[in-house]
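I opened my notebook today to look up how the inside of this protein is put together. Come along and follow my entries with the structure beside you.

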Amino acid sequence: MPILEITTNVKVPDEKAFTAALAQHGITVLGMDKYWNVMYKYNEGLIFGGTHEPAFYMTILTVLGLPTSNNAGYSKEFFAFIEKELGIPHDRGYIIFNDPGPDRLGHKSTTFDVLLKEMGK
């Protein structure tokens, strides 16, 4: 159940099409195909490296864990997507990989650690 949030100072012409494409790319890259939550935020005032040139930051959150040894490969794939879709070079953004643990993410009026135990996982 990845949560992917991108904030950028690049306006996309169709937010729904962009987030759908980003979700599909995430499914391909991370190999997780259920319960995606993808958010795009336009922030005209975003500064990176002291300038307002096109930039972004993105957070990828999962509670089922992604091997940190794969983060460099994930970065390569997402940076390529962002450069292709938004025209932002690889040196104008950050990707934050976050795994807070199942006891730190709520859903269905409980937390994922409880839900996973109920599912026998």
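Entry one: a residue and its partners. I keep in mind that this is a predicted model. I picked I6 and looked up its contacts, leaving aside neighbours within four places in sequence. I found F18 and L22, then M39, Y40 and K41. I also noted F56, Y57 and M58, and finally I82 and L86.

Which residues have the most contacts inside the largest nonpolar core? I found I6, M58 and F78, in a core of 25 residues. I then checked which elements supply at least two residues each, and wrote down β1 (3–8), α1 (15–30), β2 (37–42), β3 (56–61) and α2 (71–86). The largest share comes from α2, with six residues.

I found a core of five residues lying apart from the largest one. Among its members are L61, V63, L105 and F112.

Entry four: the largest pocket. How much space lies in it? I noted about 530 Å³. I listed 19 lining residues, and those closest to the centre are M1, Y35, L64, H107 and F112. So that I remember F112, I wrote that it belongs to the five-residue core and also lines this pocket.

The largest share, three residues, comes from α3. By class, I recorded eleven nonpolar, four polar and four charged residues.

Notes:
Residues are numbered from 1 along each chain as its sequence is written. This is a predicted model: local features need pLDDT of at least 70, side-chain atom pairs count only at pLDDT 80 or more; totals for chains, interfaces and linings use all residues. Side-chain values use heavy atoms; hydrogens and water are left out. A nonpolar core is a set of buried Ala, Val, Leu, Ile, Met, Phe, Trp, Tyr and Cys residues joined through side-chain atoms within 4.5 Å. Buried means under 20% relative accessible area, exposed over 50%, partly exposed in between (1.4 Å probe, protein chains only). Helices (H or I, at least four residues) and strands (E, at least two) are DSSP runs, numbered from the N terminus. Contact means heavy atoms within 4.5 Å. On a 1 Å grid over the protein atoms alone, a cavity is a set of points where a 1.4 Å probe fits but cannot get out, and a pocket is an open set with protein on both sides within 12 Å along at least five of seven lines; lining residues have an atom within 4 Å of a point. Grid points are joined across faces, edges and corners, and a volume is the space filled by probe spheres set on the points. Ala, Val, Leu, Ile, Met, Phe, Trp, Tyr, Cys and Pro count as nonpolar, Asp, Glu, Lys and Arg as charged, and the others, Gly among them, as polar.
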